[in-house]
Amino acid sequence: MNDSSWGSPPPAGTQAGYWGPTDQGPYQGRGPVQGAAPAGPAYDAPEAQQTRPMPIVPDVPAHGGNQDDDPGAARLGGPSFRDEAYRPMTPDQASFGAETFRHETPSAPPHAAVPQNPEPMPAAPQPAPAPQKKSAGRDLGAAIGVAVGLGVVIVASLFIVKAVFVGVIAVAVVVGLWELTSRLQERKQIKAPLVPLAIGGAAMVVAGYVRGPEGAWVAMALTALAVLVWRMTEPPEGYLRDVTAGVFAAFYVPFLATFVALMLTADDGAQRVLAFFLLTVVSDTGAYAVGWRFGKHKLAPRISPGKTREGLLGAVSFAMVVGALCMEFLIDGGHWWQGLLLGLAVAASATLGDLGESMIKRDLGIKDMGTLLPGHGGIMDRLDSLLPTAPVVWLLFVLFVGSG
């Protein structure tokens, strides 16, 4: 907007300055400025008299520069309104004079500068996160304590009275069957009958110790038959699923555990069982220690993401060394090179058994089979490597030094 938009110059002879009611007339204005452009149309006198007087505003600075040079100067003419939203006035709007001007202009002061988008302040540097130490994911102190306690029970029963050790095997089998069947029912609604499995499993271990391999096979067959008959007392829906799971449980837990009792029947049975436990534990320990420290390449990420190829090499190395020592100094008639083969076989079977247990738990959607052993999980979480390793060690002992 400029001054010409507000009306024409006042008549000649009037006082120069801003127009408005004075003692010289109803309205005044500035005289013509020399060299100025022709004035626009004049206001109608009757309408102009009805408007309110305009406030006296200081004159425009001589320099006429940008308003940022003098923020305190307010101007009505031209450049002072460059920051305001301007809308052309219609004749009807112009007739309302200064009153209309007051309502049409924005509330922001004319000299307010257009806000500029400030550049974002650089973010303060964040401290680097502290490196996290590797964790085993379990209570290591509790795990070591439980392992030592189990080792004492096994060694004491093994070398004092063999029959007591057979009872320890039978108890571990029954607890393992209870954990397995409970998880199957909870996660898959599979009702494998526990009563015939527990009775048949304990009988299987005792029959293997008393009657040898033949007694173990007969007890296994009778246990499977008992599972089929026991399940008939319930509705037929899911019968095939339940009895299949029952037969699997009978083979997986008590039948494989029976081979530990078969080792015990030899003259140096206690030494054989001790070598079996040592080799399996050392294999697991070597896999854990080497894998935790150097493991980078996954062994079977879809089954057990925590196992690595470096851990497998650690298991093989540890087991072969301990196997050679056991065959040379612990087993009657054994040789160190036989221990190397024995350690290699134990490392392979223990790893496969651990992966097989991981497959079962992954299918069931659980981390542990139970919570009976602090730091370890359940009994089945400790039997996962022992069960498939037992028949392998029993067979190699028979081949290397005989069954007597």
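Helix axes are lines fitted to C-alpha atoms over the stretch in contact, and the angle between two of them runs from 0 to 180 degrees between N-to-C directions. On that basis, helix H9 (residues 309-329) and H10 pack at an angle of about 140 degrees, with their axes 6 Å apart. The model described here is predicted. The protein contains 11 helices and 2 strands, and buried residues account for 38% of its 404 residues.

**Overall layout**

- Along the sequence, the elements follow the pattern α-α-α-α-α-α-α-α-β-β-α-α-α.
- Of the contacts between residues at least 6 apart in sequence, 66% join residues at least 24 apart.

**Helices H9 and H10**

- Two packed helices are described by the angle between their axes and the distance between the axes.
- The crossing of H9 past H10 is right-handed.
- On the H9 side, the residues that meet H10 are Leu-312, Ala-315, Val-316, Ala-319, Met-320, Gly-323, Ala-324, Met-327 and Glu-328.
- On the H10 side, they are Trp-336, Gln-338, Gly-339, Leu-340, Leu-342, Gly-343, Leu-344, Ala-347 and Thr-351.
- Sorted by class, this contact of H9 with H10 has 12 nonpolar, 5 polar and 1 charged residues.

**Helices H10 and H11**

- Helix H10 (residues 336-364) also packs with helix H11 (residues 379-401), their axes coming within 8 Å and crossing at roughly 150 degrees.
- Angles over 145 degrees count as roughly antiparallel, so H10 and H11 are roughly antiparallel to each other.
- H10 and H11 cross in a right-handed sense.
- H10 contributes Gln-338, Leu-341, Leu-342, Ala-345, Val-346, Ser-349, Ala-350, Gly-353, Asp-354, Glu-357 and Lys-361 to the contact.
- H11 contributes Met-380, Asp-381, Asp-384, Ser-385, Pro-388, Thr-389, Val-392, Val-393, Leu-396, Phe-397 and Phe-400.
- By class, the contact of H10 with H11 has 12 nonpolar, 5 polar and 5 charged residues.
- Gln-338 and Leu-342 of H10 are listed in the contact with H9 and also in the contact with H11.

**Gly-314 in H9**

- Gly-314 is part of helix H9.
- Its relative accessibility is 4%, under the 20% cut-off, so Gly-314 counts as buried.
- Leaving aside residues up to four places away in sequence, Gly-314 touches Gly-286, Ala-287 and Val-290.
- Phe-294 is 20 residues from Gly-314 in sequence, and their C-alpha atoms are 9.7 Å apart in space.

**The two strands**

- Strand S1 (residues 298-300) and strand S2 (residues 304-308) run antiparallel and are joined by 2 bridges.
- Lys-298 has Thr-308 in S2 as its bridge partner.
- The link from S1 to S2 is a hairpin through 3 residues.

**Gln-189 in a loop**

- Gln-189 sits in the loop between helix H5 (162-188) and helix H6 (194-231).
- Its phi is near 55 degrees, a positive value in a residue other than glycine.

How values were computed:
Residues numbered from 1 in each chain as written. Predicted model: local features only at pLDDT ≥ 70, side-chain atom pairs only at ≥ 80, totals over all residues. Heavy atoms only, no water. Pairing = 2+ DSSP bridges. Helix = DSSP H or I, 4+ residues; strand = E, 2+ residues; numbered from the N terminus. Parallel < 35°, antiparallel > 145°, perpendicular 65-115°, else oblique. Left-handed = near helix turned anticlockwise from the far one by under 90°. Contact = heavy atoms within 4.5 Å. Nonpolar A, V, L, I, M, F, W, Y, C, P; charged D, E, K, R; others polar. Buried < 20%, exposed > 50% of the residue type's maximum accessible area, 1.4 Å probe, protein only.
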